[in-house]
Amino acid sequence: MQHSSIHWFRKGLRLHDNPALLAAAADCRRLHPLFILDPSSGRAGANAQRFLLDALRDLDGSLREMGSRLFVVRGCPEEVFPHLFHAWGTTRLTFEVDTEPSARRRDAAVAELAARHGVEVIREVSHTLYDTERILALNDGKAPLTYKRLQSLLASLGPPEKPAPALTPEHLRGCRTPCQLSRDADYGVPTLEELGQDPTEVGPHLYPGGETVALARLDALMERTAWVCSFKKPETEPTSLSPSTTVLSPYLKLGCLSVRTFWWRLDEVYQGREHSQPPVSLHGQLLWREFFYTAGAGIPNFDRMVGNPICLQVDWDDNPQHLRAWREGRTGYPFIDAIMTQLRAEGWIHHLARHAIACFLTRGDLWVSWEEGLKVFEELLLDADWSLNAGNWLWLSGSAFFHRYFHVYSPVAFGKKTDRDGAYIRKYLPVLKDFPAEYIYEPWKAPRAVQERAGCLVGTHYPRPIVEHGAASKRNMGRMKAARTRKGNKSPKKHRASPSTLPPSRLPSSPPGTEQEPPASPSVAESRRKKPKAEQR
């Protein structure tokens, strides 16, 4: 039978290692590659939406080189598909498996619609190294809660599958895509303006989206064999003015780069050479990704506190002023504010920078719920991957996986470890650029004469600290200890903090674990037996 196929792109925005796309092209007389822009899905901001549109334009261009094209439709999939099935005479629908709960519900609804319309459905695993359902089944239907447990399960499965061949014109021989130019207005890739975004609000275009850029970036990195083999994630620098890691995470998030392709390219480099090992190696980073994907697939309500069986129930404060100051980069702590400024402008920050600001918002200083931080990351990060985002916020807030809550990132000392002069702060907070190194991390301690020479008066041009770190972190350690010893597991209510007076800011409008990548976490019981000792990093 010669099929009329729709391949539904969601993630997996690539032609390489896309088995569901190959399935669509097999025994096919007519192919419609489709992407649905669902206005009800996600919180992505302007930078993330630009990255997505880059990826869609790149994918459309690659398909056009083969005589096909991408059809972009706006709407809810459950409403879009019945019309397309009829209009295009569809007999087969293919797509990549998505493990996110909301995606599984969506896909189940679409599969039911397809069955009612007599459309065959083919789903293929290619967004993860392994089929998460197989991992969960091996673990009695439960998500492994430590990295070591995941490794032991994967050992029984063997290495990940090799990538599927990239789509070529040969695959499309005898397969036609209606590509009339008149349809471009109906099915073309929209602009940012058409999505309701202001193009002037996007930051510098440092990381263009798309498969072409992703593969070029991967090729360039794989040529640095010594760097690849010696890579240890905890030894990279959060304050580096250019990225000290791969910055492939945004491309993995949307599937512009196949994780299996990345894994096996690394394997080629490792062959015959000494190299770092998981969890700190690049292979180890991909296994962390697998760890959180499996957790997200197997743990109910993984992205929230209430109803999440592994999440510590904490009486977080409801303090909109503190949350707003953190989000807008005006906490009065230059290292924290510089990170938040980079995040807003560029859409990417180093993983240890994420650690610092997540700890500051939650158990370190502000005692604001990690769910609020998760929402901000969903909006601002190019690589805001649902499972990784939730898993890292659970970890860094001390709510799950990580129980050494007395390990706190200092908003002053931590940045100094790799950038004593404050070059990172000077780049992202130019209002502070003329402060001497002695005061760049704590400008409120500078004598007024020093502030005047720097052209920045604290409390006028740059805010004073919204909390005193030493007192706040000590208080929060006590609250975290109380949460861990509280009997029962009742869902607490948020407490509205007493109003704080935030000084007016006149600033220009301009994920996981500990300082070492997280080892298998000790049990809560073990944490309780150990006497907590405050540690400032």
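A residue is called buried under 20% relative accessible area, exposed over 50% and partly exposed in between, with a 1.4 Å probe and protein chains only. The model shown is predicted, so local features need pLDDT of at least 70 and side-chain atom pairs count only at pLDDT 80 or more, while totals for chains, interfaces and linings use all residues. Residues are numbered from 1 along each chain as its sequence is written, and side-chain values use heavy atoms, with hydrogens and water left out.

**View 1. The whole chain.** The protein chain has 537 residues, of which 58% count as buried. Its secondary structure comes to 22 helices and nine strands; these are DSSP runs numbered from the N terminus, helices being H or I with at least four residues and strands E with at least two.

**View 2. The largest nonpolar core.** A nonpolar core is a set of buried Ala, Val, Leu, Ile, Met, Phe, Trp, Tyr and Cys residues joined through side-chain atoms within 4.5 Å. The largest one has 141 residues, and Phe262 and Trp326 are among those with the most contacts inside it. Another core, of 17 residues, lies apart from it and includes Ile6 and Phe85.

**View 3. Trp288 and Phe291.** Rings of Phe, Tyr and Trp (its six-membered ring) pair if their centres lie within 6.5 Å; planes under 30 degrees apart count as stacked, over 60 as edge-to-face and the rest as tilted. Trp288 and Phe291 form an edge-to-face pair, 5.5 Å centre to centre with 85° between the planes. They are three residues apart in helix H12 (residues 282–298), so about one helical turn separates them. Trp288 is buried at 3% relative accessible area, and Phe291 is buried at 0%. Both belong to one aromatic cluster, which also includes Tyr147, Phe302 and Trp395.

**View 4. Charges over rings.** A charge sits over a ring if NZ of Lys or CZ of Arg is within 6 Å of the ring centre and within 35 degrees of the ring normal. Lys162 lies over the face of Trp264, at 4.6 Å from the ring centre. The charged end of Arg224 is over the ring of Trp227, 4.3 Å from its centre.

**View 5. Cysteines without a bond.** The structure holds zero disulfides, a disulfide being a pair of cysteine sulfur atoms within 2.5 Å. The sulfur closest to that of Cys175 among the cysteines is in Cys28, 3.3 Å away, which is too far for a bond. Cys175 counts as buried at 15% relative accessibility, whereas Cys76 is partly exposed at 23%.
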